[in-house]
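Subject: Structure handover

Hello,

Here is the structure I said I would pass on. Please open it alongside this message; my notes follow below.

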Amino acid sequence: MRLWHEALLHRLPRAQLLGQHRECCALRGLAWGKRHAVVDYVFRHPREWLAVYHERVMAEMERRGYRVEPLWKDPAYCGRRRPAVLPDEEALSQARARIPVYPEHDAAYRLACLENLQRKGIRLPEA
């Protein structure tokens, strides 16, 4: 479980980008609030922040020609097995104004993500 540094989304290989989408879907659904050392920081922020991060993942997917289930574009949607949660519009607006969404996605986190990818044998193309 990991949310890749937002600045890396446009450079991620197909498998990691699609995996990121699945991770976001899981976190927005039944995994919301379930502790995991790598993503615990997500739960310290409004759930709207995750929806906005996921919007950015889906935008990159669509930019590459992948189709996204339109239901996930609704920030209230939490998957088929969890009821929708109406978003706080102010939190949603604030998250959309943040780049990156999460303050934890700093230079050190970006480097940690790059090192994680390198350990998997993945070298990202330059921006």
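Leaving aside its neighbours within four places in sequence, which residues is Gln16 in contact with? They are Trp4, Leu117 and Ile122. Please keep in mind throughout that this is a predicted model.

Gln16 belongs to helix H1, which covers residues 14–28. Its relative accessible area is 18%, under the 20% limit, so Gln16 counts as buried.

Trp4 turns up again in the contacts of Asn116. Once neighbours within four places in sequence are set aside, Asn116 is in contact with Arg2 and Trp4. Asn116 lies in helix H4 (residues 107–119) and is buried too, with a relative accessible area of 12%. In sequence, Asn116 and Trp4 are 112 residues apart, while their C-alpha atoms are 9.8 Å apart in space.

Helices H2 and H3

Two packed helices are described by the angle between their axes and the distance between the axes. For helix H2 (residues 47–63) and helix H3 (residues 89–97), the axes come within 8 Å and cross at roughly 45°.

On the H2 side, the contact is made by Glu48, Trp49, Val52, Glu55 and Arg56. H3 supplies Ala91, Leu92, Ala95 and Arg96. Sorted by type, the residues of this contact come to five nonpolar and four charged, with no polar ones.

Cysteines

How many disulfides are there? The count is zero, taking a disulfide as a pair of cysteine sulfur atoms within 2.5 Å.

Cys78 is in no disulfide, and the nearest cysteine sulfur, in Cys25, is 11 Å away. Cys78 is buried, at 4% relative accessible area.

Regards

Conventions: Residues are numbered from 1 along each chain as its sequence is written. This is a predicted model: local features need pLDDT of at least 70, side-chain atom pairs count only at pLDDT 80 or more; totals for chains, interfaces and linings use all residues. Side-chain values use heavy atoms; hydrogens and water are left out. Axes are lines fitted to C-alpha atoms, for helices over the stretch in contact, and angles run from 0 to 180 degrees between N-to-C directions. Helices (H or I, at least four residues) and strands (E, at least two) are DSSP runs, numbered from the N terminus. Contact means heavy atoms within 4.5 Å. Ala, Val, Leu, Ile, Met, Phe, Trp, Tyr, Cys and Pro count as nonpolar, Asp, Glu, Lys and Arg as charged, and the others, Gly among them, as polar. Buried means under 20% relative accessible area, exposed over 50%, partly exposed in between (1.4 Å probe, protein chains only).
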